Amino acid sequence: MIISESWDGKINTEFYQPYFLKLVRFLEREYANYRVFPPKHELFNAFTLTPYENVKVVILGQDPYHEEGQAHGLCFSVKNNVPFPPSLQNIFRELKNDLGISYPKSGDLTKWAQQGVLLLNAVLSVRQGFATSHKDMGWEQFTDFILKLINDKQEPVVYILWGKYAINKAALLTNPHHLIITGPHPSPLSAYRGFFGGKYFSKCNQFLASQGIKKIDWNLNY
């Protein structure tokens, strides 16, 4: 598996751990026998687009979208010309309510990633049509390791954790330099339980500015 040079020196030993070697064997079988998303070459897209030293925000998802053409290695993001899944629609609705940014034409969040927003799923792959089908196969141990690495950064980082699954990861985030922002998941099942009105994007930028760090331009419309 190929991962960006920025991350490689910090995590390459993890690729030789027994759990990861077992995960690789599982993935080889899955990709050989089923449709699996994202495509192999996009599995580590989040790391490619957001080098370790550039990480200033982490948004944590659970696992990738499981329908054709959606997932491309960034949590909640979809490729150009793909209809917005309901969770992404709600994220854009909250963005509009929070910062007045109108709905974008594309659901591709690459622009966020390039500014230092690590769009990380806890599980990085999924079988077509079967949500959470790659759960408990080793990805969680790997992404927990990633979260601990980021926790060790001395530069302040904002974590945006939506839903119980992501919020439970806060136990890994012990560095007092960082800010943790939580809220209900943006899915239709839970968005009306307090996701809307959370002002996650403005809170994030207020904190970054207070630390002398360049704010995120959340606007995807140009």
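**Spaces and a helix pair**

Author: Gladly! The largest cavity has a volume of about 80 Å³. Please keep in mind that this is a predicted model.

Reader: What makes a space a cavity and not a pocket?

Author: A 1.4 Å probe fits in a cavity but cannot get out, whereas a pocket is an open set of points. By this rule, two cavities of 30 Å³ or more are counted. The second largest cavity holds about 40 Å³ of space.

Reader: Which residues lie nearest the centre of the largest cavity?

Author: Those are Pro-64, Gly-73, Leu-74, Cys-75 and Asn-121, out of 14 lining residues. The lining has eleven nonpolar, three polar and no charged residues.

Reader: What makes up the lining of the second largest cavity, by class?

Author: Two nonpolar, two polar and three charged residues. The residues are Gln-62, Asp-63, Val-123, Thr-132, Lys-135, Glu-140 and Tyr-165. Asp, Glu and Lys count as charged, so Asp-63, Lys-135 and Glu-140 are the charged residues here. Val and Tyr count as nonpolar, so Val-123 and Tyr-165 fall in that class.

Reader: And the largest pocket: how much space lies in it?

Author: About 490 Å³. Its lining has 23 residues, with Gln-62, Asp-63, Phe-76, Ser-87 and His-185 nearest the centre of the pocket. By class, twelve of the lining residues are nonpolar, nine polar and two charged.

Reader: Which element gives the most to that lining?

Author: Helix α7, with four residues. At least two residues each come from β2 (57–61), α4 (86–99) and α7 (163–167).

Reader: How do you know which residues of α2 and α6 meet?

Author: Contact means heavy atoms within 4.5 Å. On the α2 side, Tyr-19, Phe-20, Leu-23 and Leu-27 take part, and they meet Trp-139, Gln-141 and Phe-142 in α6. The contact has six nonpolar, one polar and no charged residues.

Definitions and conventions:
Residues are numbered from 1 along each chain as its sequence is written. This is a predicted model: local features need pLDDT of at least 70, side-chain atom pairs count only at pLDDT 80 or more; totals for chains, interfaces and linings use all residues. Side-chain values use heavy atoms; hydrogens and water are left out. On a 1 Å grid over the protein atoms alone, a cavity is a set of points where a 1.4 Å probe fits but cannot get out, and a pocket is an open set with protein on both sides within 12 Å along at least five of seven lines; lining residues have an atom within 4 Å of a point. Grid points are joined across faces, edges and corners, and a volume is the space filled by probe spheres set on the points.
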